[in-house]
Amino acid sequence: MEQVYGLTGWIMAALWLLAISATVFALVHAVRQRSDAFAAVDKLTKPIWLGILGVAILLLLVDFLGLGLPAFIAIIATGIYLADVRPKVDEVQRGPRW
C-alpha cells in the first residue's frame with residue numbers, strides 16, 4: 001500500500017511542478033510583451049494579467065503539492081492566458097503567420 005501512496009505523491013509533485021512551470025512561463029511572457037498589444041487584441045490590460053499570474057503563482061506556492069482549490073484556480077487562470085491571450089498578443093506583434 002505504501003507504493004501506491006508513494007506513486008501518488010510523485011504524480012502530484014510532477015503535476016504541481018508542471019503547473020508552477022507553466023505559470024512562471026506565462027508570467028515571464030506577459031512581462032516581455034508591449035502594453036499596447038493587450039489592448040490591441042481587446043483583452044485585459046497588461047498590469048491586470050501580471051497581477052492575475054502573480055496571484056496564480058502565490059496560490060500554487062500556498063497550496064504546495066496539495067493541488068486543491070487554490071491550485072485549480074491558478075491552473076485555470078494560467079490556461080486562459082496561455083490558450084487565449086498569448087497567441088493573440090503574439091500575433092498582433094508579429095503579424096500573420098503566412
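## Surface and burial

Accessible areas here come from the Shrake-Rupley method with a 1.4 Å probe. On that basis, the chain of this predicted model has an accessible surface of about 6500 Å², and 71% of that surface belongs to carbon and sulfur atoms. Of the 98 residues in the chain, 28% count as buried.

## Overall fold

The secondary structure comprises 4 helices and 0 strands, so that the pattern read along the sequence is α-α-α-α. When contacts in the chain between residues at least 6 apart in sequence are considered, 70% of them join residues at least 24 apart.

## A nonpolar patch and Leu18

Leu7, Ile11, Leu15 and Leu18 form a nonpolar patch on the surface, and together these residues have about 400 Å² of accessible area. Leu18 is found in helix 1, which spans residues 2-32. Leu18 counts as exposed because its relative accessibility is 58%, and the cut-off for exposed is over 50%.

## Packing of helix 3 against helix 4

The axes of helix 3 (residues 46-62) and helix 4 (residues 69-94) come within 8 Å and cross at roughly 145 degrees, and the crossing in which helix 3 passes helix 4 is left-handed.

On the helix 3 side, the residues that meet helix 4 are Trp49, Ile52, Leu53, Ala56, Leu59 and Leu60. Their counterparts in helix 4 are Pro70, Ala71, Ile73, Ala74, Ala77, Thr78, Ile80, Tyr81 and Val85.

Conventions:
Residues numbered from 1 in each chain as written. Predicted model: local features only at pLDDT ≥ 70, side-chain atom pairs only at ≥ 80, totals over all residues. Heavy atoms only, no water. Helix = DSSP H or I, 4+ residues; strand = E, 2+ residues; numbered from the N terminus. Buried < 20%, exposed > 50% of the residue type's maximum accessible area, 1.4 Å probe, protein only. Contact = heavy atoms within 4.5 Å. Patch = residues over 30% accessible without salt bridge, like charges linked within 9 Å, V, L, I, M, F, W, Y side chains within 5 Å. Salt bridge = Lys/Arg side-chain N within 4 Å of Asp/Glu carboxyl O. Axes fitted to C-alpha atoms, helices over the stretch in contact; angles between N-to-C directions. Left-handed = near helix turned anticlockwise from the far one by under 90°.
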